[in-house]
Amino acid sequence: MVITMHSHQKALLFFCFLAFSLSVSARPATFLQDFKVTWADSHIRQIDGGRAIQLILDRNSGCGFASKSQYLFGRVSIKIKLVPGDSAGTVTAFYLNSNTDNIRDELDFEFLGNRSGQPYTVQTNIYAQGKGNREQRVNLWFDPSADFHEYTIHWNHYHIVFYVDAVPIRVYKNNEAKGIPYPRLQPMGVYSTLWEADDWATRGGLEKIDWSKAPFYAYYKDFDIEGCSVPGPTTCASNPSNWWEGATYQALNAMEARRYRKAYRINLYMDGTNRQWEWVMAKTESLNYVELLF
């Protein structure tokens, strides 16, 4: 049987596809298609026709960039090769931010530099409806300066998951029903910076930056944003048909849960002052803490 499509049906299909394309963002072809430099243009260099970039930190300046649009729910991932060698005192940050002064929403990856031979630490943090102080630290189980690795934030109505190479290292569930704030009302932009923070970044500020090792370089590629851009169709963020809202992404699957358990068991950073706080945060965020860890 041959099915023919009339001209008005073709037009309707085209406009449906166009509306979907405008409301749901996808991977840009180059850096400048979806991003702009926000700090120290001279310290960000495009590579391979803009498909990759180099961030530079020296005595004069760090640098940063941001997405041209904001997004309300979706998935953001970037492949990063972090500062190699003696990177103590440096911070490479990749995060989402609502860019609001008082009631801020923010989802952070912060990669804390180290002395040569020591593990890199990644710190995650969540601001929800203006409330933060939810830092957690994990020591990476590989050298993130030797090659590119993928860092992902998946944000939907059900939970926020931070991934490192498809390994979930943090899960923050939507527990608004229990009085725990959850970022769901404000769109957020995608940001990244490379900067000096030797007053706190490495061993609580004990290890200072060694400027004789400067300049420091970090590399980015494969910028991937899939979400509801704002401004855009107002129904996009509440559309249950968006793939990132699907049943597959409403909770960790069995393999992800095993990876999450392993990451916490051997890599979760706890010191004497944070031990109780980390326990409380993990328990309130996952609500299955004991099941996941043991």
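## A guided tour of the model

Start by selecting R184: with a relative accessibility of 36%, R184 counts as partly exposed. Keep in mind as you click around that this is a predicted model.

**Stop 1: from R184 to its partner**

E176 and R184 form a salt bridge, and the closest N and O atoms of the two are 2.5 Å apart. Is E176 buried, exposed or partly exposed? E176 is partly exposed, at a relative accessible area of 27%.

**Stop 2**

How many salt bridges does the structure hold? There are eight, and here are some to visit.

Select R104 and E106. They make a salt bridge in which the closest N and O atoms lie 2.9 Å apart. R104 is partly exposed, with a relative accessible area of 25%, whereas E106 has a relative accessible area of 7% and is therefore buried, since buried means under 20%.

Now go to D210 and K213. Their side chains meet in a salt bridge, at 2.8 Å from N to O. D210 counts as partly exposed at 25% relative accessibility, and K213 is partly exposed with a relative accessible area of 44%. Next, select D86, R115, R203 and E207 together: salt bridges with shared partners join these four residues into one network.

**Stop 2: a closer look at E207**

Where does E207 sit? You will find E207 in the loop between β12 (188–196) and β13 (216–230). E207 is buried, with a relative accessible area of 18%. Show the side chain of R203 again, and you can see the side chain of E207 making a polar contact with it at 2.9 Å. Leaving aside residues up to four places away in sequence, E207 touches A88, G89, R115, D198 and T202.

**Stop 4**

Time for the aromatic residues. Across the whole structure, a search finds 20 aromatic pairs. Select F73 and W155: this pair is tilted, with 4.9 Å from centre to centre and 45° between the planes. F73 belongs to strand β4 (residues 63–81) and W155 to strand β9 (residues 149–155), so the pair ties together parts that are 82 residues apart in sequence. F73 is buried at 2% relative accessibility, and W155 is buried at 2% as well.

Move along to F109 and Y151. Why is this pair called edge-to-face? The ring centres of F109 and Y151 are 5.9 Å apart and the planes are at 70°, so the pair is edge-to-face; the label applies to planes over 60 degrees apart. F109 is in strand β6 (residues 106–112) and Y151 in strand β9, so this pair ties together parts that are 42 residues apart in sequence. F109 is buried, with a relative accessible area of 0%, and Y151 is also buried, at 0% relative accessibility.

Now select F31, F35, F65, Y220 and F223 in one go. Ring pairs link these residues into a cluster.

**Stop 3: charges over rings**

Select K221 and F148. The charged end of K221 sits over the ring of F148, 4.5 Å from the ring's centre. Then pick K81 and Y219: K81 lies over the face of Y219, at 5.4 Å from the ring centre.

**Stop 4: A237**

Select A237, which lies in the loop between β13 and α3 (254–267). A237 is buried, with a relative accessible area of 12%.

**Last stop: how confident is the prediction?**

Finish by colouring the chain by pLDDT. The mean pLDDT of the chain is 85, and 80% of its residues reach 70 or more. Now select residues 1–5, where pLDDT stays under 50 and the model has three contacts beyond four places in sequence. Residues 7–23 also stay under 50, and for them the model has nine such contacts. Where pLDDT is low, the predicted coordinates should not be read in detail.

Methods:
Residues are numbered from 1 along each chain as its sequence is written. Side-chain values use heavy atoms; hydrogens and water are left out. Helices (H or I, at least four residues) and strands (E, at least two) are DSSP runs, numbered from the N terminus. Buried means under 20% relative accessible area, exposed over 50%, partly exposed in between (1.4 Å probe, protein chains only). A polar contact is a pair of N or O atoms within 3.5 Å; within protein, one must be able to donate a hydrogen and the other to accept it, and residues adjacent in sequence count only if both atoms are side-chain atoms. Contact means heavy atoms within 4.5 Å. pLDDT is the predictor's confidence in each residue, from 0 to 100. Rings of Phe, Tyr and Trp (its six-membered ring) pair if their centres lie within 6.5 Å; planes under 30 degrees apart count as stacked, over 60 as edge-to-face and the rest as tilted. A charge sits over a ring if NZ of Lys or CZ of Arg is within 6 Å of the ring centre and within 35 degrees of the ring normal.
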